[in-house]
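Reader: Hi, I have a new structure to get through today. Can you walk me through it in plain words?

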Amino acid sequence: MPNTITIKEKINNFNNEIIVPGDKSLSIRWVLFSSIGTGVSKAKNLLMSDDVIAAINAIKKLGVKVSFKKNEIKIYGKGIKGFKYKKNLKINAQNSGTLGRLILGLLIDTPFPIKLIGDKSLSKRDFKRISDPLSKFGANFKLKNNKHLPLKIIGSSNLNSIKYFEKKGSAQCKSSVIFGAMKANGTTIIKAKQSRDHTELLCKYLKLPISIKKKKKYDEIKIKKVSLIKNLNYDIPSDISSSAFFIVLTVLSKNSKLIIKNVNINPSRTGIITILKKMGAKILFKNLQIYKGEKKADIEVKSCDKLKAINCPAKLNSGAIDEFLVIFLVAAKANGISYFKDLGELNQKESPRLKWAEKILNNMGVKTVSTQDSIKIFGNPNLNIDKKIIIKNYLKDHRVFMASVIAALSFGGKWTIHDKDSIKTSFPNFLETLKKIKNNKRD
Ligand code: S3P
């Protein structure tokens, strides 16, 4: 089967209801929390994508048993001190920054060196942002070029609490330090720029010794050493980041409507909704519920012919960080010039996404002006593409692939998009879901 996809036509109007897979951030966190919990944890609707499978393989290497049965997966937790550290352990985080970074927080007590490796994309990403704070607990690191994978971690049996100021708005950095703090003596104090707070909510749900004060610009998190974590049964809601592709497809299509069922709408993840609504999109949350401290709802979205440009407030960035590739497509069709700033972190993802976004937009005939961390997009409400576009060599970034598919279906042109397999990272049935939408078939 060729690993490319060609798209030659825009999508016709649709009116449909879909379900997208489980949330990736919650799935990886469930695997990690369950591995240090005591007793059997069960999950339903766990995202079975390569990132999450890599997390499962990682905890198995640490001696944790995992079993699968239909839609239910069980992890036989070993307790906070239960990992079996063997000599010459190697963990492969593959493409997953979340796994690679979060798991290091749990490994800071390993008596033997553990090697952490990843794929080509992950090996280009910054791990110093994790080794710096975790070293302060007392763990030791050796990184390639002082910054990259492969790295080696050697832990310590005498870990001290730390004070840590997280300034990037990175939930991965914050979460890794929270995991480290669970194993360190005393109280760790984290001052963190706001970012997704699933780790904190899970700590609270599990009644771990954590306190969180929401301040104006930062959260102040205090966490003490943990002696026992109970098991964690979880029914994972759908992923808003996977939903985002179809939300944007609907906004950009004519006379269409889509309902996406049972999506996690944690307010630290709904930046895309706030941004698109400011641009004029019609999006509603229905059947709102709270599940284990997290909000979830059905998302209803309708087409919009009159989109307005946005001067996007930087405070919305972290809540939409994985969605900018598709948000930029909406800006391409909006009336006026949109401006997105303080987006340096976008170039720290699976590929340098700010650069890729600009390349794709320019290929589509959209004018942009950019700096290292900002982009102006000159929108055109009549944008219609009538040329060949080839998307390749983008470090197999799953979101670049899916955003390109949405661009092709929304604006036309003859697209060849390489590395279809990249969707296995976060949304293995992306193309099947798209087919259902196209054929107006319901889940
Ligand atoms: C994630 C945090 C974000 C996000 C990533 C998932 C998480 O990364 O981009 O896809 O689950 O904690 P950063 O923490 O680096 O911003």
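Author: One term before we start: two strands pair if DSSP finds at least two bridges between them. With that, take S8 and S9: they pair in the antiparallel sense over five bridges. And keep in mind that this is a predicted model.

Reader: Okay. Which residue in S9 is the bridge partner of Lys 142?

Author: Lys 152 is the partner of Lys 142 there.

Reader: What order do the strands take in that open sheet?

Author: The order is S6-S7-S9-S8, four strands in an open sheet. The pairing is mixed. S6 and strand S8 (140-144) stand at the edges with a single partner strand each, so one side of each has no neighbour in the sheet. From one strand to the next, the twist averages 20°.

Reader: Which helix lies across S8 and S9?

Author: Helix H4, residues 128-137. H4 runs at about 165° to S8.

Reader: Where does Gln 94 lie?

Author: In the loop between strand S6 (89-92) and H3.

Reader: Let's zoom out. How many helices and strands does the protein chain have?

Author: Twelve helices and 23 strands. The radius of gyration is 21 Å, close to the 22 Å that the globule rule gives for 443 residues, so the chain is as compact as a globular protein of that length. Along the principal axes, the C-alpha atoms fill a box of roughly 65 × 45 × 45 Å.

Reader: Which domains does the domain assignment give?

Author: Domain 1 covers 4-20 + 239-438, and domain 2 covers 24-225. Their C-alpha centres lie 29 Å apart.

Reader: How many residues does the contact take from each domain?

Author: It takes 23 residues from domain 1 and 21 residues from domain 2. The side of domain 1 that touches domain 2 has three nonpolar, eleven polar and nine charged residues.

Reader: Now the ligand. Which residues are around it?

Author: Here is the list: Ser 25, Gly 97, Thr 98, Ser 170, Ala 171, Gln 172, Ser 175, Ser 195, Arg 196, Ile 321, Asp 322 and Glu 345. By class, that shell has two nonpolar, seven polar and three charged residues.

Reader: Which domains does the shell draw on?

Author: Domain 1 (4-20 + 239-438) and domain 2 (24-225), with at least three residues from each.

Reader: And which helices supply at least two residues of the shell?

Author: Helix H3 (97-106) and helix H5 (171-183) each do. H5 gives the most to the shell, with three residues.

Reader: Switching topic. What is the order of the other four-strand open sheet, the one with S14?

Author: That order is S4-S5-S3-S14, again with mixed pairing. Strand S4 (65-69) and strand S14 (234-235) are the edge strands, each pairing on one side only.

Reader: Do S3 and S14 run parallel or antiparallel?

Author: Parallel. Strand S3 (residues 38-44) pairs with S14 over two bridges in the parallel sense. In S14, Tyr 234 stands opposite Ala 43.

Reader: Which helix lies across S3 and S14?

Author: Helix H1, residues 24-35. H1 also lies across strand S5 (72-78), running at about 40° to S5.

Reader: Last topic: S17. How many bridges join S15 to S17?

Author: Six bridges join strand S15 (residues 257-264) to strand S17 (residues 294-302), and the two run antiparallel. Ile 259 stands opposite Glu 300 in S17.

Reader: And how do S16 and S17 pair?

Author: In the antiparallel sense, over eight bridges, with S16 spanning residues 282-291. Lys 296 in S17 is the bridge partner of Gln 289.

Reader: What is in the hairpin of S16 and S17?

Author: Two residues lie between the strands. In that hairpin, Lys 292 takes a positive phi near 50°.

Terms used
Residues numbered from 1 in each chain as written. Predicted model: local features only at pLDDT ≥ 70, side-chain atom pairs only at ≥ 80, totals over all residues. Domains from an automatic or database assignment. Contact = placed C-beta atoms within 7 Å. Nonpolar A, V, L, I, M, F, W, Y, C, P; charged D, E, K, R; others polar. Near = placed C-beta within 6 Å. Axes fitted to C-alpha atoms, helices over the stretch in contact; angles between N-to-C directions. Rg over C-alpha atoms; globule rule 2.2 N^0.38 Å.
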